[in-house]
Amino acid sequence: VSTQSTGFQHYYITNNLSTMSNLGGKVIAAFATFIAVLTYLAIGAAIFQAIEQEHEIEQRTEYDKKLNELLDKVDPVFHNELKAPCHMIEILEANPNNTAQWDFVNSVIFCLTIVTTIGYGATYPVTDEGRGFCIFFALIGIPLFMACLAVYAQHTANLIRWIMKKLGLTHGLGEDQTDRMQQLITFAFCLTVIFTFSGYLTYMENWSYSDSVYFTFISFTTIGFGDLYPASSSTDFHIIFICFLILGLISLGTVIEAQTTNFGKLLSTISSSCDCLCKNRCFGGDRAAVED
């Protein structure tokens with residue numbers, strides 16, 4: 001009995017150590033991937049800032065020079081009345097580099113819109129060097145971020161399944177039922193992220209809640225029309241924006257992956273049914289012809 005007990009304890013300890021080792025390896029790999037993406041974004045942002053900010057300063061200087069030349073020809077009483085419409089014309093010309101958008105934080109967000117393929121269009125490179133680097137940055141950054149996204153989406157799915165088991169939600173359920181429940185919980189988590197971020201945008205941007213939900217969904221699905229874009233420029237807002245964007249991409253990506261699998265199974269079932277129907281008709285017709 002003592003020998004059996006010792007053997008069981010040895011097996012239990014060895015099994016737990018093996019599980020912890022595998023888990024530790026996955027956590028380290030996920031963390032390393034995340035650090036790699038952050039490092040890549042930081043390096044890219046620094047390079048974009050170095051390339052585009054100089055041109056941005058030159059444009060700002062040129063704009064101020066032209067504005068001052070215009071104001072010199074006008075009575076000082078009307079200076080304030082002229083500055084506002086001139087600034088509006090500057091914005092309507094859709095030249096983002098005139099509005100100080102190439103600081104480091106904005107450059108990070110720009111890099112994030114590249115690797116996620118969102119591409120709002122609110123900021124874009126205008127120099128030949130910046131555009132060339134953008135192509136190079138995207139060729140490496142997009143697959144790198146997609147790999148990171150796939151890793152974290154899988155970890156999110158595994159975490160939800162583990163929580164379900166710990167809460168006893170999977171007791172007595174089959175594999176298909178467990179998968180459906182996991183998808184429902186993932187979908188609920190995704191909606192929570194969307195509605196929470198939308199509420200934050202409504203508060204910060206004074207948008208309607210429907211506009212905030214629309215912008216959030218367009219962002220998380222990487223559609224990124226660019227018809228709406230936050231005007232807040234504080235560092236805290238940008239950090240929260242980046243965190244919600246990454247979290248939303250992971251959660252909604254998990255939901256879309258699950259739905260893709262479901263549609264794949266449905267199409268496979270339909271294809272198999274059509275194939276069987278065609279074979280039955282063909283073979284049935286052949287047999288009828290032979291009997292005649």
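Predicted model: local features only at pLDDT ≥ 70, side-chain atom pairs only at ≥ 80, totals over all residues.
**Entry 1: ground rules**

A patch here is made of residues with over 30% relative accessible area and no salt bridge, where like charges are joined within 9 Å and nonpolar side chains (Val, Leu, Ile, Met, Phe, Trp, Tyr) within 5 Å. For the salt bridge I want a side-chain nitrogen of Lys or Arg within 4 Å of a carboxyl oxygen of Asp or Glu. Accessible areas come from the Shrake-Rupley method with a 1.4 Å probe, and for residues only the protein chains shown count as cover.

I number residues from 1 along each chain as its sequence is written, and side-chain values use heavy atoms, with hydrogens and water left out.

**Entry 2: the whole chain**

I looked up the fold and got 7 helices and 0 strands in the protein chain. Both are DSSP runs numbered from the N terminus, helices being H or I with at least four residues and strands E with at least two. Read from the N terminus, the order is α-α-α-α-α-α-α.

Of the 292 residues in the protein chain, 31% are buried. My cut-offs: buried is under 20% relative accessible area, exposed is over 50%, and partly exposed is in between (1.4 Å probe, protein chains only). The accessible surface of the protein chain is about 18300 Å², and carbon and sulfur atoms hold 65% of that.

I also checked contacts, meaning heavy atoms within 4.5 Å. Among contacts in the protein chain with a separation of 6 or more, 70% are between residues 24 or more positions apart.

**Entry 3: helix α4**

Where does α4 bend? At A138, by about 30°. That bend is the angle between axes fitted to the seven residues ending there and the seven starting there. After α4 comes G168, with a positive phi near 75°.

Next I listed the nonpolar patch on the surface: L159, W162, I163, L167, L169 and I185, with about 560 Å² of accessible area together. Which element gives the most to the nonpolar patch? It is α4, with 3 residues. I163 lies in α4, and its 38% relative accessibility makes it partly exposed.

**Entry 4: the charged pair**

I asked how many salt bridges the rule gives, and the count is 1. The partners are D179 and R161, at 2.4 Å, N to O. D179 is in helix α5 and R161 in helix α4, so the pair ties together parts 18 residues apart in sequence.

**Entry 5: loops**

The loop between α3 (104-115) and α4 holds G119 and also T117. T117 has a positive phi near 65° although it is a residue other than glycine. I put T117 down as partly exposed, at 37% relative accessibility.

G119 is partly exposed too, with 42% relative accessible area. What does G119 touch beyond its neighbours within four places in sequence? T113 and G224. I took two C-alpha to C-alpha distances from G119. S219 is 100 residues apart from G119 in sequence and 9.3 Å apart in space. G226 is 107 residues apart from G119 in sequence and 7.7 Å apart in space. G226 sits in the loop between α6 and α7 and counts as partly exposed at 32% relative accessibility.

N206, in the loop between α5 (175-205) and α6 (209-220), has a positive phi of about 60° and is not a glycine. At 68% relative accessibility, N206 goes down as exposed.

**Entry 6: a histidine in α7**

Leaving aside neighbours within four places in sequence, H238 is in contact with V105, N106, I109, S232 and S233.
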